[in-house]
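Please look through the sequence and the model shown below before reading on.

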Amino acid sequence: MLIGEVARRSGVSARMLRHYESLGLVRPSGRKGSGYREYSVEDIRRIFHIESLRSLGLSLREIGRALDDPGFTPSALVGDLVRQTRERIEAETELLTRLRRIDAADPAGWDDVLQVVALLQALGSKSADARQRAALSSVDEVPVPVEALVEAALSETEPNVAGALRWALARSGDGGPELLAEGLDSPVAVVRERAVQSLAEMPGGEAAVHLRNALESPDVVVRGYAALALGTRGVAEAVPTLIEMIVAGRNDIDAADALSVLASDSSVADRIATGFVDRLAHDTTEAPARGRLTQALAGIPGTRASRALVELSHDDDRAVALTAAYLLRLRDGR
């Protein structure tokens, strides 16, 4: 078969076939008397092998080695190709993400584009000071896309920088709460914690909805941050979690303060006091927890809390009884 016919049937141009021949990849089995190359069935099969290997990203040199070296094993080469392909995809994905974020900033001109690029680079800097400055300046200068702020907040390890990022997110407008809520389902505990901390500082009803949902999280840390944030916002759904935090001794002082805020509503105050009494009467509630619950009753107004303190002033646990009696005297002195 002559080169023109091979080119037509294989889809490989005559020019490329000549190039393969010059590299020694294909050697036509014969030539006609006129000097024209003549390709055998085996030659054509080799051409298809070459094209198949090219489709995997192998160089022509690697293809030659693969076809001609009897001792060649493809596993190492294929492993290298996998690694190179992954690196290329990661680089392209990173570029696409950066371009999308620049587009989301809706720059008015090239100066704005360059400013967004500079802020994005600063957010990824190894310098904590640079990251903090970028977070703080993202509000007053060209806004950084909220997606970039969320990504930075969920990965930040420096407390001061994390605080600046949460501050920036709280002023970033729409989109932040939904993206942060996705972080609540992360398999990494510290990411879940950063997500709920950021949501706790986000204003508005959307953030509150996600915090309410977080009260059902299997992660006790997430539940705790959500309850503290909701308690200070006057959301009574946080009461059971806040009481459990006092029992467990996890941020119990902050939990007691949040319950005091909620107790400004008399109906909620009675509900809180009832919750305390139920836990104090529970056989599994240990002495330290009973002491914390008794102390927390100090911030709960109303007759139900007062009656509970009267009962506790006669408790078998002397420390609990003394604390309750002291709190009653303080109430009587008001």
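The side chains of Arg45 and Glu42 meet in a salt bridge, with N and O 2.3 Å apart; the term salt bridge stands here for a side-chain nitrogen of Lys or Arg within 4 Å of a carboxyl oxygen of Asp or Glu. The model is a predicted one, in which local features need pLDDT of at least 70 and side-chain atom pairs count only at pLDDT 80 or more, whereas totals for chains, interfaces and linings use all residues. Residues are numbered from 1 along each chain as its sequence is written, and side-chain values use heavy atoms, with hydrogens and water left out.

Arg45 and Glu42 are three residues apart in helix H3 (residues 41-55), and therefore about one helical turn separates them; helices are DSSP runs of H or I with at least four residues, strands are runs of E with at least two, and both are numbered from the N terminus. In general, an α-helix has 3.6 residues a turn, so residues three or four places apart point the same way. Arg45 is partly exposed, with a relative accessible area of 37%, where buried means under 20% relative accessible area, exposed means over 50%, and partly exposed lies in between (1.4 Å probe, protein chains only).

The structure holds 10 salt bridges, and among them is the one between Arg212 and Glu237, whose closest N and O atoms are 2.8 Å apart. This pair links distant parts of the chain, since Arg212 belongs to helix H12 (residues 205-214) and Glu237 to the loop between helix H13 (220-232) and helix H14 (239-248), 25 residues apart. Arg212 counts as partly exposed at 31% relative accessibility, and Glu237 is likewise partly exposed, with a relative accessible area of 43%.

Asp315 forms a salt bridge with Arg290, with 2.7 Å between the closest N and O atoms. This pair, too, links distant parts of the chain: Asp315 is in the loop between helix H18 (303-312) and helix H19 (318-332), Arg290 is in helix H17 (residues 287-296), and the two are 25 residues apart. Are the two partners buried or exposed? Asp315 counts as buried at 19% relative accessibility, and Arg290 is buried as well, with a relative accessible area of 13%.

The loop between H18 and H19 also holds Asp317, which counts as partly exposed at 23% relative accessibility. Leaving aside its neighbours within four places in sequence, Asp317 is in contact with Ala287 and Arg290, contact meaning heavy atoms within 4.5 Å. Helix H17 is also the place of Thr294, a buried residue with a relative accessible area of 0%. Beyond its neighbours within four places in sequence, Thr294 is in contact with Leu280, Leu309, Leu312, Val320, Thr323, Ala324 and Leu327.

H14 is mostly covered, as seven of its 10 residues are buried. These buried residues are Val239, Thr241, Leu242, Ile243, Met245, Ile246 and Val247, and they pack against H13, H15, helix H16 (266-280) and H17. Just after H14, Gly249 takes a positive phi of about 75°. Asn251, placed in the loop between H14 and helix H15 (252-262), has a phi near 50°, a positive value in a residue other than glycine. Asn251 is partly exposed, with a relative accessible area of 41%.

Which residues form a negative surface patch? Asp174, Glu178, Glu182, Asp185 and Glu206 do so; patches are made of residues with over 30% relative accessible area and no salt bridge, like charges being joined within 9 Å and nonpolar side chains (Val, Leu, Ile, Met, Phe, Trp, Tyr) within 5 Å. Glu178 sits in helix H10 (residues 176-183) and is partly exposed, with a relative accessible area of 49%. Glu178 is also one of the contacts of His210, which, leaving aside neighbours within four places in sequence, touches Pro177, Glu178, Ala181, Leu184 and Leu199. His210 itself lies in helix H12 and counts as buried at 17% relative accessibility.

Note on methods:
Areas by Shrake-Rupley, 256 points an atom, 1.4 Å probe, with all protein chains shown as cover. Lys, Arg positive; Asp, Glu negative; His and termini not counted. Charge placed at Lys NZ, Arg CZ, Asp CG, Glu CD.
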